[in-house]
Amino acid sequence: MVPVHWTCSMCTFSNHESMVYCEMCGVFRENFVKSAKDGSVKDAVSTVSNEPRVSASPKIDSSKTPMKTRVVASDGDSARKHASTFISTANSTHVPSAGSSLGAEKKNKTHVLSEEIPVERTALLVPGHFQRKTDKSGGPSSSSQNDYVAQKLSSDISQLNLDKNNANITKPCLPEEYKPEKWMLADQESGVLSQLNLAIVGHVDSGKSTLSGRLLHLLGRISRKDMHKNEKESKEKGKGSFAFAWAMDESSEERERGVTMTVGVAYLETKEYRVVLLDSPGHKDFVPNMISGATQADAAILVVDASNGSFEAGMDGEGGKSVGQTKEHAQLIRSFGVEQLVVAVNKMDAVAYSKERFEFIKLQLGSFLRSCNFKDSAITWIPLSAVENQTLIKPPSDAHLTCWYQGPCLLDAIDSLQLPSRDVTKPLILPICDVIKSQSTGQLAAFGKLETGAIQNGSKVLVLPCGLEATVKTIERDTISCSIARAGDNVAVNLQGIDGNQLIPGGVLCHPGFPVAVANHLELKILVLDITIPILIGSQVEFHIHHVKEAARITKIIALLDKTGKPSKSAPRFLKSKQNAVVQVSLDGAVCVQEFSKSRALGRAYLRSSGRTIAVGVVNRVIGQDEN
Ligand code: GTP
Ligand code: MG
């Protein structure tokens, strides 16, 4: 049966027929509102919550927040190095960094990681991070280092800006002219499991990395030797409880602080899937990194700390006065388009596996998740303990839990997740999450998830924003070479015919005939979240889209939108909480972008300010690029 869909008049999201409001932006379906006015569905309307999608955590200056994911090799090859990129929050432009500095750091790190676990991380490093690393190795002083970095950034920027004379972008074709080739549409390669990108999200310290590390260990992805080493070293540092988390938190800073700062990427196999685990940082300072990593998710595990007071902090912040990251992450991943959720109610050992506590959490969080438009039927609730290994890969053994819980274990819940549909019939779009050093060729490779289309060895791709064409030389999936990658796959792509330095996180590989836009003037449809300071014309914001953030300014407030998506006749002077509006933004630097109607991955945007997500939205129109 072909599912029936309706298109949202505000954000053009394609919703299932059964939805009365848009899953993306919350706007009511037009004919539903009409019948609601007639009184026929009044009750249903009043039950739909107006809860904001994302609230903010206070006191954070996000302009100082690193936006970071990183790729780490843990396959025992110490020569494997990864390039990295600075996201300069000062001048808000993205440029490649000296990959060698990170490479040196990775070399030092390989001793802590297993020869067998392929754990990867992707990194967008801020100057501060770079500085700390070079300081350690006796590099220049911080101020001279900063000067050097600033100079390098501006020279790199001018090199990387789309050079209209050099760029070999041919005249773009119309989308309807695209015809996928036969090999692109072929069935899944036989014997190869489908790839499921699974984000692990939740409030700080809820146990995300411990859970991820424990799963890897139970599934044999961490050798006994390496586990022993992690246990010994973490104990010596007085951090014995972090032994499993160290499989994911492998930088010395993360280990010292006991806090994940970047998204850790690890691979495991279940009966049904090759799972790419994206272990997000939970600390509110690192929400931008969480956005960059979890935006690739097909489904998510929301980890909740069941201990008394901790669950409450995840909901309402420390002291109950703000919004915790259990709520913020849940809202964000829903706005990324994630529909399926496993709620891992962790640390049940700390509450004596109490059924009452579990039911209380389910009730409180459940009603919040409903208000974020998660369907009850798409949520699986599991009481577990990562530390005591309860309900992870088999049914629990603790009598306090077995006496009331007979549901699935985490591994079974992962296997029951459904793969979202993959769009292989559209032209290639691969947003570059990171630039890493390829294991097979030793050259820089673009790492990221194919959002649409497919590539194989020999395919021609257009690299943006530099605008140069290149040929796919090799493709690696979880460090193993493969000949074809299709929409949904997370891969490293080695390219021929281009200098690796032209690849930058936040860039995009696309079909040469169907380039995506590179622009810094955009029209957005936004939903304003819970804000205390109104959004005005001229307001400075941080603009987040796929793997990039840019400083931006609101240049116009065009109209307010009512529940049906109808624009107001006159433009308001400012925007406040829960309003839908059309605005124009001007970014300091151009980003790779598409209208949401053409590409969901390149058309979802987030506005943040002072450490808070203040609006979620979609790109309505690409206005263009400044002529310099
Ligand atoms: P961030 O990434 O910084 O947000 O933290 P996290 O969610 O990854 O938490 P992490 O895995 O680093 O664990 C934080 C602390 O919780 C560590 O001391 C863990 O040992 C502890 N912890 C994790 N799981 C459990 C559990 O099941 N029971 C108990 N009692 N403690 C746990
Ligand atoms: Mg962690």
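This is a predicted model: local features need pLDDT of at least 70, side-chain atom pairs count only at pLDDT 80 or more; totals for chains, interfaces and linings use all residues.
**Ground rules.** Local features need pLDDT of at least 70 and side-chain atom pairs count only at pLDDT 80 or more, while totals for chains, interfaces and linings use all residues; side-chain values use heavy atoms, without hydrogens and water. Residues are numbered from 1 along each chain as its sequence is written, and chains are lettered from A and ligands numbered from 1 in the order in which they are written.

**Ligand 1, the shell.** I looked up what surrounds ligand 1 and found 20 residues (a residue is near if one of its heavy atoms lies within 4 Å). K208, T210, S241, T260 and D349 are the closest. I sorted the shell into 6 nonpolar, 10 polar and 4 charged residues, with Gly counted as polar. Helix α7 (residues 208-218) gives the largest share, 3 residues; helices here are DSSP runs of H or I, at least four residues, and strands are E runs of at least two.

**Ligand 1, polar contacts.** I then checked N or O pairs within 3.5 Å. Oxygen atoms of the ligand lie 2.9 Å from a backbone N or O atom of A386, 3.0 Å from a polar backbone atom of G282 and 3.2 Å from a side-chain N or O atom of S385. The protein covers 90% of the 650 Å² of accessible area that ligand 1 has on its own (Shrake-Rupley, 1.4 Å probe).

**The core.** Next I looked up the largest nonpolar core, which has 70 residues; its members are buried (under 20% relative accessible area, 1.4 Å probe, protein chains only) and joined through side-chain atoms within 4.5 Å. I333, L365, L369 and L410 have the most contacts inside it. Strand β10 (residues 299-305) supplies the largest share, 6 residues.

Technical notes. A polar contact is a pair of N or O atoms within 3.5 Å; within protein, one must be able to donate a hydrogen and the other to accept it, and residues adjacent in sequence count only if both atoms are side-chain atoms. Buried means under 20% relative accessible area, exposed over 50%, partly exposed in between (1.4 Å probe, protein chains only).
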